[in-house]
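Below are some questions and answers on a predicted model.

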Amino acid sequence: MSKNKISIGQVFKTIVWPRRNLLFIGLLLIFIRSAAGLVPPWATKPFMDDILVKKDLDKLPMLLTWVVIAILIQSITSFILTKLLSVEAQLLISELRSKVQKHLLSLPIRFFDNQKAGALVSRVMNDVEGVRNLVGTGLVQLVGGILTALVSIIFLIKISPWMTLFVLLPMSVFGLITLKAFSIIRPVFRERGKITADVTGRLTETLNGMRVIKGFNAEPQEIKVFEEGVYKLFLNVKKSLTSTSFVTSSGTFLVGLASVGIMALSGYFNLTAGDFLQFTMFMVFMIAPIVQMSNIGSQLTEAFAGLDRTEEIMNTPIEDDGTIRTNKIGLINGDIVFKNVSFAYEEGKMVLNNVSFEARPGSVTALVGTSGSGKTTIAGIAASFLNPVSGQVTVDGIDLATISLGSYRSQLGVVLQDDFLFEGTIRENILFPKPTATEAELIDAVKAAYVDEFTSRFEAGLETVIGERGVKLSGGQRQRVAIARAILANPRVLILDEATSNLDTESESFIQESLRTLMMGRTTFVIAHRLSTIRQADQILVIENGQIAECGKHEDLIAAKGRYFNLYTYQARI
Ligand code: ADP
């Protein structure tokens, strides 16, 4: 955890320093604003002593002019400050969001197995929000506040050193309280990010799984989980509110104490009315930024807490850092060999044991076996989504572990059971792996996957929007869109997870036809459920407990009357 705690030095180097010019201008503006801000309190003394008491009215227009100019300067600098810094802060937020999203996309599939999508959404969108306080007005206000306070102290000392000392004492106590409070609040803010992510994550899952929830009448349970989550969030906010309100009220109390004290002391030190008023005004000008600093401090603490959590993601190692996978391969034949491949998701729990086989270029390898036997895992390793714990996979004789993922995956196509379609038109969904494809290529793919068979019946054809607002596609139609997409991508290696659900016979025959076209000439790994696919396969691997129990062609395996024969005879579908 400590490794993910971002240090002030790091933040300074990566966020503050690159923007030093802008922040310097901001600081300059704050300085001008603060100096202008000191004019009104300074004016109180001549106003009291010369104009009100001595009735020297000639000085009044000059004095008022100075005060008006000062107020004008204050407003203009404030406006420019916000424009400059707040806009820069928002730009930084969008840059950070893109950076975190980019890093997320380069993380291995395994990372996503253990994360809730909604929680990740919250981390990309919310955790970086806090930096607006770092680059925005927060940081410069903090520095500007310190400067104003320092200058005010000089004025105060000039009027009365003893009274100043009296004011500084409670202020120092306040400073200590504030520092302590922030060290308490930072972990609270960190925790808040986590709770928000958890609650958002669960809510996203709830909304995605509405059919299952309603189907099992599980609404009360989901309501309870959510209620607990938001209550936990409330408790967290309450904790930080208690700390911040303690800081604010102790500030008010100490300021009050100082005022009472200087009232008493002003009589003792024989101040003029002007001196007293000026002292009080400067005191306010010294204290106000200090109290304000406690607010800014809590903003900065929030920023740090968010960055801590962002850092957690940024520190997660990416799939391909370019140091090991240095082999950029050109067009492959697709000769894929597993040599004694073993794999475990959790340490010590082997899921694959010494799997060895060869998938020749352009051949179809059908993986069959009971659920949980390891078929998906083998396909995942062939797709380079998972890396063997021991053993080796070679592609055209080259160790897959050394091949740059980009160069391999650009030659890989994946068609999964309930294939993932975006909300958008059917055309967009098919073009997704190859947006630059020509119209002719697109039409070829559409025809080969028999997508036109149903799109021709839609009014908008390929432009039909699928998803939330558009037409819903049947399981078979979704599959055909996914197949068209894979045909268009024209991969050398294909991973196919056949749908287990029963399709109507017509859809079934269209899909069989289009799959045949898709598999032609490509090294295909198919998690097979259809007999027709299995019969056509060049080799069938019967997987049992993470091992190859049998291997061969359909007829040979039937003749051998072994495990495949049993599976085939006793189970309608494999
Ligand atoms: P199949 O595709 O044949 O149904 P899988 O390859 O999906 O089998 O799973 C093989 C074994 O690995 C199963 O025991 C399963 O529980 C386990 N497994 C699969 N995915 C994960 C995962 N992400 N984390 C931990 N264990 C997993």
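Q: How many bridges join S6 to strand S9?
A: In this predicted model, S9 covers residues 493-497 and runs parallel to S6. Within this pair, Leu-412 stands opposite Val-493 of S9. The number of bridges joining S6 to S9 is four.

Q: Which are the edge strands of the open sheet of six strands?
A: The order of this sheet is S6-S9-S10-S3-S11-S12, and its pairing is mixed. An edge strand pairs on one side only. That applies to strand S6 (412-415) and strand S12 (547-552).

Q: What does the twist average from one strand to the next?
A: The sheet is open and has six strands. From each strand to the next, its twist averages 20 degrees.

Q: Which element gives the most to the shell around the ligand?
A: Two elements give two or more residues to this shell: strand S1 (336-346) and helix H12 (375-382). The residues around the ligand include Tyr-345 and Glu-346, as well as Lys-375, Thr-376 and Thr-377. With three residues, the element that gives the most is H12.

Q: How many polar residues does the shell around the ligand have?
A: Among the residues surrounding the ligand are Thr-370, Ser-371, Gly-372, Ser-373 and Gly-374. By class, the shell has two nonpolar and three charged residues, while the polar ones number seven.

Definitions and conventions:
Residues are numbered from 1 along each chain as its sequence is written. This is a predicted model: local features need pLDDT of at least 70, side-chain atom pairs count only at pLDDT 80 or more; totals for chains, interfaces and linings use all residues. Side-chain values use heavy atoms; hydrogens and water are left out. A residue is near a molecule or strand if one of its heavy atoms lies within 4 Å of it. Ala, Val, Leu, Ile, Met, Phe, Trp, Tyr, Cys and Pro count as nonpolar, Asp, Glu, Lys and Arg as charged, and the others, Gly among them, as polar. Two strands pair if DSSP finds at least two bridges between them. Axes are lines fitted to C-alpha atoms, for helices over the stretch in contact, and angles run from 0 to 180 degrees between N-to-C directions.
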